[in-house]
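Please keep the sequence and the model in view while reading.

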Amino acid sequence: MKKHYRSENDCLNCGNTVPDKFCTNCGQENLQLHESFLHLMLHSVGHYFHVESKFFNSLVPLFTKPGFLTKEYFAGRRASYLNPFSMYISISILFFFLFTANTNINQKKILKEKAGAGKTIVTERPEEKIPVKDNISINGWDVPIKGLNAKFREVKQDELRSALFKNKLVSHLPKTMFLLLPLFALILKLVNIRSKKLYAEHLIYSIHVHSFLFLFGAILIALKWLLPFLSSWILLAGFIVSVWYIYRSMRTMYRSSRWRTVSKFMMLAFAYTFLMLLSCFGLVLITLYSV
């Protein structure tokens, strides 16, 4: 597509002299200000497909070559691929949109089942209700949870507040996962303490791994919608593929032996699972007391 450039050589963005078609200071193209509708549309479509090509150039190795994009990024070959942060944000938006939709669908199914069985359910008398514990024992320590139980029962009994609690909880998940990214990278740094890699390398690797997991998770949700009778098998296959992907990407990234990689993977999985559970517990508490 032929582009129309200005005859003037001053950059309209920063004021510097433009030696050719692009400003050497800010990178803006020295294009004509007033374009015809057809030329404007062609230029926009061309830009769109340029971004699309970068997306597919990133998508294929993300799925087929675990750890490859991180290696390419730190080898300086970045122009052909999407920026890791841009890719992560785009994919996480898609995943959490589908995740929220899937959660809403499941809630509607549960409500329908309850409505259908409502006529046969006998309401419990107060004396028949199972008593709720006011404290729990953790390693010999009694942790009081009376106030938490009371708050939970209070929210659960109010239909509006219960729905608001679920919606808020789901809406906070993307922010929580984003905040966990640097912690995942920190665990990798500690697990690979003898490695000479900088923290930034662990962080970019973490972003690529989470991008794959979110995109793969979005595909699994779509498959569950299409093949609901295979939901359990889809989840099992998804878990196996995810574990293999992280292991394979760690082998590519850190160049360790098989058994060393397995031991590092186990330490990473244990530490990150603990952090996720702790974060989820904190998120539930914060959401519970904000509705």
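Helix α5 passes α8 in a right-handed crossing; a crossing is right-handed if the near helix is turned clockwise from the far one by less than a right angle, and left-handed if anticlockwise. Helices here are DSSP runs of H or I with at least four residues, strands are E runs of at least two, and both are numbered from the N terminus. The model is a predicted one, in which local features need pLDDT of at least 70 and side-chain atom pairs count only at pLDDT 80 or more, while totals for chains, interfaces and linings use all residues. Residues are numbered from 1 along each chain as its sequence is written, and side-chain values use heavy atoms, with hydrogens and water left out.

Two packed helices are described by the angle between their axes and the distance between the axes. For α5 and α8, the angle is about 150° and the axes are 9 Å apart; axes are lines fitted to C-alpha atoms, for helices over the stretch in contact, and angles run from 0 to 180 degrees between N-to-C directions. Helix α5 is therefore roughly antiparallel to α8, given that angles over 145 degrees count as roughly antiparallel, under 35 as roughly parallel, 65 to 115 as roughly perpendicular and the rest as oblique. The contact of α5 with α8 has 19 nonpolar, four polar and two charged residues. In this classification Ala, Val, Leu, Ile, Met, Phe, Trp, Tyr, Cys and Pro are nonpolar, Asp, Glu, Lys and Arg are charged, and the others, Gly among them, are polar.

Helix α8 (residues 258-288) also packs with α7 (residues 231-254), at an angle of about 125° and with the axes 10 Å apart. That makes α7 oblique to α8, and this crossing is right-handed. On the α7 side the contact (heavy atoms within 4.5 Å) is made by Val243, Ile246, Tyr247, Met250 and Arg251, and on the α8 side by Arg258, Thr261, Val262, Lys264, Phe265 and Leu268. These residues divide into seven nonpolar, one polar and three charged.

Between α7 and α8 lies a loop that contains Arg255. The phi angle of Arg255 is near 55°, a positive value in a residue other than glycine. Arg255 counts as exposed, at 64% relative accessibility; exposed means over 50% relative accessible area, buried under 20% and partly exposed in between, with a 1.4 Å probe and protein chains only.

Which residues touch the most other members of the largest nonpolar core? In this core of 41 residues, they are Leu62, Met177, Leu188, Tyr205, Phe214 and Met250; a nonpolar core is a set of buried Ala, Val, Leu, Ile, Met, Phe, Trp, Tyr and Cys residues joined through side-chain atoms within 4.5 Å. At least two residues each come from α1, α2, α3, α5, α6, α7 and α8, and α6 supplies the largest share, 12 residues.

Leaving aside neighbours within four places in sequence, Phe214 is in contact with Tyr88, Ile91, Ser92, Phe95, Phe96 and Met177. His210 lies in helix α6 and is buried, with a relative accessible area of 3%. Not counting residues up to four places away in sequence, His210 touches Tyr88, Met177, Leu181, Phe184 and Tyr272. The C-alpha atoms of His210 and Ile91 are separated by 9.3 Å, although the two residues are 119 residues apart along the chain.
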